[in-house]
Each structure stands twice: as structure tokens, then as C-alpha cells.
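Take a walk through this protein chain, one residue at a time. Keep the structure open beside the text as you read.

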Amino acid sequence: MTVPLTLVATLLAKTGSEAELEQTLQDLQGLSRVEADCIQYDFHRDAEQARTFHMIEQWRDESALTAHEATSHFQAALPVIERTTEKFSVTKMYRVS
């Protein structure tokens, strides 16, 4: 039985880059949600820190995430994310119960 992989990405936008990063992440969300092995892909703005965004994703498994990261839409978004983000972290987890 395959255990889904959950991922939480937290991105802190560079000052002045918030709108560009937000648009890029919204576009990425729409394209990612239609991937066959995507279970969940939600985009949030932090309630207390306006420059902070959170992506909550769930993939069929690790190989599905790897395939997602190889897609043309992810690869196209990556340079924009790198240019507009001051800090970036990713937490991967598997549900225990």
C-alpha cells in the first residue's frame, strides 16, 4: 500500500516581490492540481506575516513529487520563486494516524 506524501512549503517573499510571487504560486497551484498524482495542493497567505506564503501539498508518493518537480510548469516557476523569495523551507511528512 502506498502512503501519500504531504509537503508544506513556506516562502517569505522579498519586500516588493509579494505580488509577483503570489501570482506565480497561484498559477502553479492551478496547473499542479490537475496532475494525475496530486491529491491536494492548497495555497495560503500567512494570517500574521503578509509576506509569508504556505503551500500545503499531498502527493500519491515520493515519486509523484519527483515527477511534479520535473514538469514544465514547475520548472518555469522555479526561477521566479528563487528570484522573489528571501527564505524558503520545505517539510515532508507521512501521516501516522
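Begin with R60, which sits in the loop between β3 and α2. The model is predicted. Is R60 buried, exposed or partly exposed? Its relative accessibility is 34%, so R60 counts as partly exposed. Buried would require a value under 20%, and exposed a value over 50%.

Now look at what surrounds R60. Leaving aside neighbours within four places in sequence, R60 is in contact with T2, V3, P4, L5, D37 and I39. Pick out P4 from that list. R60 and P4 are 56 residues apart along the chain, yet their C-alpha atoms are separated by 4.6 Å. Next, pick out D37. The side chains of R60 and D37 are joined by a polar contact of 2.9 Å. The side chain of R60 also makes a polar contact with the side chain of D61, at 2.5 Å.

That brings us to D61. This residue is placed in the loop between β3 and α2, and α2 covers residues 62-69. Is D61 buried or exposed? D61 has 15% relative accessibility, so it counts as buried. The cut-off for buried is under 20%. Which side chain does the side chain of D61 meet at 2.7 Å? The partner is the side chain of S63, and the link is a polar contact. D61 also has contacts from elsewhere in the sequence. Neighbours within four places aside, D61 is in contact with T2, V3 and L5.

Step back into strand β3, where I56 is found. With 26% relative accessibility, I56 counts as partly exposed. Which residues does I56 touch, not counting those up to four places away in sequence? They are L7, V8, Q40, Y41, D42 and H44. From I56 to T91 is 35 residues along the chain, and their C-alpha atoms are separated by 9.8 Å.

Now turn to the rings. How many aromatic pairs does the structure hold? There are 2. One of them joins Y41 and W59. This pair is edge-to-face, with 6.1 Å centre to centre and 80° between the planes. Y41 belongs to strand β2 (residues 38-45) and W59 to strand β3 (residues 52-59), so the pair ties together parts that are 18 residues apart in sequence. Both Y41 and W59 are buried.

F43 and F53 also pair. Their ring centres are 5.5 Å apart and their planes lie at 25°, so this pair is stacked. The cut-off for stacked is planes under 30 degrees apart. Here, too, distant parts of the chain are linked: F43 is in strand β2, F53 is in strand β3, and they are 10 residues apart. Like Y41 and W59, which are buried, F43 and F53 are buried.

Q29 is found in helix α1. A polar atom of the Q29 side chain lies 3.2 Å from the backbone nitrogen of F43. What else is Q29 in contact with, leaving aside neighbours within four places in sequence? The contacts are Y41, D42 and F43. Q29 has 15% relative accessibility, so it counts as buried.

Helix α1 also holds Q26. At 38% relative accessibility, Q26 counts as partly exposed. Compare its position with that of R45. Q26 and R45 are 19 residues apart in sequence and 11 Å apart in space, C-alpha to C-alpha.

Finish at the largest pocket, which has a volume of about 260 Å³. How many residues line this pocket? The lining has 19 residues, and A9, F74, I81, F88 and V90 lie nearest the centre. Which elements give two or more residues to the lining? They are β1 (5-13), α1 (18-33), β3, α2, α3 (72-84) and β4 (85-94).

Conventions:
Residues are numbered from 1 along each chain as its sequence is written. This is a predicted model: local features need pLDDT of at least 70, side-chain atom pairs count only at pLDDT 80 or more; totals for chains, interfaces and linings use all residues. Side-chain values use heavy atoms; hydrogens and water are left out. Rings of Phe, Tyr and Trp (its six-membered ring) pair if their centres lie within 6.5 Å; planes under 30 degrees apart count as stacked, over 60 as edge-to-face and the rest as tilted. Helices (H or I, at least four residues) and strands (E, at least two) are DSSP runs, numbered from the N terminus. Buried means under 20% relative accessible area, exposed over 50%, partly exposed in between (1.4 Å probe, protein chains only). A polar contact is a pair of N or O atoms within 3.5 Å; within protein, one must be able to donate a hydrogen and the other to accept it, and residues adjacent in sequence count only if both atoms are side-chain atoms. Contact means heavy atoms within 4.5 Å. On a 1 Å grid over the protein atoms alone, a cavity is a set of points where a 1.4 Å probe fits but cannot get out, and a pocket is an open set with protein on both sides within 12 Å along at least five of seven lines; lining residues have an atom within 4 Å of a point. Grid points are joined across faces, edges and corners, and a volume is the space filled by probe spheres set on the points.
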